Structures are given as structure tokens and as C-alpha cells.
Amino acid sequence: MSRLLVTGGAGFIGSNFVRYLVDHTDAREGDRAVEQITVLDKLTYASTREAVEGLERVELVVGDIADADVVEPLVARHDAVVHYAAESHNDNSLDDPSPFIRTNLVGTFTILEAVRKAGVRLHHVSTDEVYGDLDLDDPKRFTEDTPYNPSSPYSASKAGSDHLVRAWVRSFGVRATISNCSNNYGPWQHVEKFIPRQITNLITGGRPKLYGDGLNVRDWIHADDHSSAVWTILNEGRIGETYLIGADGEKSNLEVVQLILKHFGRPLDDFDHVTDRAGHDRRYAIESGKLRSELGWRPTYEDFEAGLANTIEWYQANEEWWRPHKEATEATYASKGQA
């Protein structure tokens, strides 16, 4: 697989994967070397040229994954496609679901038809949100066998895209794998998202904002670890299989805010409660035993606080990237009573 096409590769998780490839797949890697990485990205508000600009072996193509005239010739000249491209912000899906249907469903269909025609390997990147949520006191975690139970237009559209991939594997013999990952954090994430919003609020002299009671739990994983897992699955995963990616990073939103405050030397109660998100899932938790036992993958950032410190330092060092988006983002939250 010396030529890879990465959809959504200028977004948060996709660009971290592209950077991972640049750092770990040069000529010294032998049969795992990658000669060319092509990023296909629509460059919406949540993606940025800067995330992939100047990287060796990387070409950026600006285009829509739902446009077959763009997708098909690109897919045909690559050995594999890693499909990250998605509309992913839950709040936005509540305001207007239509972009989520077009990108996550029509876009995935377009990718599937292109890889089917070209006979190209596909890895489809999805989310744990397709499984719905768990009670706070539930000892279970999501597994590959957990029934789908999405609760928002975003998670429903991602669930639909997963089902499309499985159908194309079974009906047409498409060589595809799927991964469902827990919440990512790390560099290049838009300031609308939970962790960068809290970090940048503190950098700009504000206070963190906590939805509702703050007890909602997410299972956090650093984007670098997500990247290494996807690369492992692409190379070693069994066709037609689904792998859950997680780093045992369960934290309540309150705990995350307090860890960020601790890093900045601020009192642990120096935050504001704001209006809760509509339909806010209570808890996500990933059981990644299949990925670990079958493919031998392990996360690097097993200490969430260390990964969080790394992320805070990145936002402190890259203010010129996120500051132009901060004011408009906070205005949007203010209009919802969440500022």
C-alpha cells in the first residue's frame, strides 16, 4: 500500500493520521513504506490547510467526497483509502442535519462505489456514538457486538455509513474494515470541541464551561494513538471485521475540566455551569480487547493527564491557528445559553 488516499485528511483526526504516516512510513519501513499520501478534503470550517501544508509526500486535493467525478479518478490511482471525512459536531447536527446526511451517508456511498470499481482496499473510520450511551453505574463497555442505538442526527448518520460499508463487503466483496473509536483529543482540533474550548478559554482569560451537572463520561484517546491503531488495522486487520479503538480513558467532563484547571494552577471550582446539550449521551466506554489481542496494538498515552498536558502545550504554542475562530465560536455558544 504505497499510495494512500486519506479523506478528511485536513481535519482534526485525519490530519493527525497524515502526520503519523509522514513520521512512521518513510523508506526505512520497508514493505510498510508509503510513497504518496493524497488528502481529499472539502476544507470546511473544521479543516485547515495548515494541518498538512509543507508535509513531505503529501498532496492536498480540495473536493467533496459526495462528488463521484472527483472521487473515482482519485481512488483509482491509489492502493488504499482511509475514510475519515465526516461532519462530526453533535450540536451542529441538531441545528441542521442535512450536511450530515450528505457527507456521512452520500459521501460514504460514493467512496464505496469508487473502491468497488477500482478494487481498492478501504478502511472506514467511525465513532462509538453509534452505540448510544451507557448508564453511569453500568459495568459494561461497548464491544464489537453491542447493538447500534444512535441518539443524534450525527451518530445516526455515522451508524448508517457503517451499515453501508458492511453491505458493500457482503454484497460486492469490497475489501474493507471498520473502526469505532472513542473521543479523541490532541493538536489541530477546532475550538468548538470540548477540550480545546476549555483550554482556549483559559488562555484567553476566561473560564471553562461545563454542560449540565458535568457528570457525563467520555472515554478519551489521544489522536496519535487513534492514528497508530488505524494504521495497524489497515495493515493487519481481517477484511470485513470491525475493531473498537480505546485507551481506557474514561473521565467525566467535570474531571477533565478540573485537570485542565490544575494544569493552569487555577482553583478546581473556577468554571461555569451552562445549559446542557439536547439529548446529551450520559456515558461512552470502549472495550478494545479485540484490537489488542488480535493485532497487538497498545496506546502510547496510557496516562490521560500526560496526553492532556501535551495538548495544552500545543494550543499555547499555536495561538495564531485557533484565535481567528475563537470569537465566532463563543458567539455561537452564547446564542444557545452555553457561554
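1. Val-130 lies in the loop that connects β5 (121-127) and α5 (153-172); helices (H or I, at least four residues) and strands (E, at least two) are DSSP runs numbered from the N terminus. The model is predicted, so local features need pLDDT of at least 70 and side-chain atom pairs count only at pLDDT 80 or more, while totals for chains, interfaces and linings use all residues. Residues are numbered from 1 along each chain as its sequence is written, and side-chain values use heavy atoms, with hydrogens and water left out.

2. Val-130 is buried, at a relative accessible area of 0% (buried means under 20%, exposed over 50%, partly exposed in between; 1.4 Å probe, protein chains only). Neighbours within four places in sequence aside, the contacts of Val-130 are Tyr-148, Asn-149, Pro-150, Ser-155, Lys-158, Ala-159, Asp-162 and Asn-180, where contact means heavy atoms within 4.5 Å.

3. Three strands form an open sheet in the order β7-β9-β11, with mixed pairing; two strands pair if DSSP finds at least two bridges between them. Because β7 (183-185) and β11 (250-252) are at the edges with a single partner strand each, one side of each has no neighbour in the sheet. Neighbouring strands here are turned by 50° against each other on average, direction ignored.

4. β7 pairs with β9 (residues 217-222) in the parallel sense, over 3 bridges. Tyr-185 has His-222 in β9 as its bridge partner. Helix α7 (residues 223-236) packs on the sheet and touches β7 and β9, its direction making about 70° with that of β9. Axes are lines fitted to C-alpha atoms, for helices over the stretch in contact, and angles run from 0 to 180 degrees between N-to-C directions.
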